[in-house]
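Please read it alongside the model.

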Amino acid sequence: MTDALSEPWLVDLRDQAARRLEQVAQLQDELTTLYAEARTAEGRVRVRVNAAGRPIALTLEPTATSMPATDLADAILRAVEDATTQAGERAAALVGSLMPSAELDAMLSGRPTEADRVGVREGLDALRATSRGE
């Protein structure tokens, strides 16, 4: 009688799950460092956004402050929109076929929490331990 945990199909399934969790862990790491930048108003306004499209930096050249307030506001909003589009495209390219775009949108609506990251890593560790017979 063979051990049910050593059935070839179960070993394959466990290995597939481990590979998928490794991909998710790597994706989480890469998304935390992903950003995009855009410039508008002839380079006088620069915005950097994170993977979720949230502005994380705004740089105004000294000459930008001489722009009419409505023009400056429009330039900032345009830069945020452009950078957000770039970040979304980069994130989608990074994710590829790993997850559907709807799940990516949900994930990018807020950064994965440390609990999410720990959960993936714990699941991966458990799968590895099981495959080693621990």
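R48 and E37 join through their side chains in a salt bridge, at 2.7 Å from N to O. A salt bridge here puts a side-chain nitrogen of Lys or Arg within 4 Å of a carboxyl oxygen of Asp or Glu. R48 sits in strand β2 (residues 45-50) and E37 in strand β1 (residues 35-40), so the pair ties together parts 11 residues apart in sequence. Helices (H or I, at least four residues) and strands (E, at least two) are DSSP runs, numbered from the N terminus.

The model is predicted: local features need pLDDT of at least 70, side-chain atom pairs count only at pLDDT 80 or more, and totals for chains, interfaces and linings use all residues. Residues are numbered from 1 along each chain as its sequence is written, and side-chain values use heavy atoms, leaving out hydrogens and water.

How many salt bridges does the structure hold? There are 2. D29 and R121 also meet in a salt bridge (3.0 Å, N to O). This pair links distant parts of the chain, 92 residues apart: D29 in helix α1 (residues 8-33) and R121 in helix α4 (residues 114-131).

| Residue | Relative accessibility | Class |
|---|---|---|
| R48 | 28% | partly exposed |
| E37 | 29% | partly exposed |
| D29 | 32% | partly exposed |
| R121 | 29% | partly exposed |

A83 lies in helix α2 (residues 69-95). A83 counts as buried because its relative accessibility is 0%. Leaving aside residues up to four places away in sequence, A83 touches A36, E37, A38, V47 and V49. Contact means heavy atoms within 4.5 Å.

Methods:
Buried means under 20% relative accessible area, exposed over 50%, partly exposed in between (1.4 Å probe, protein chains only).
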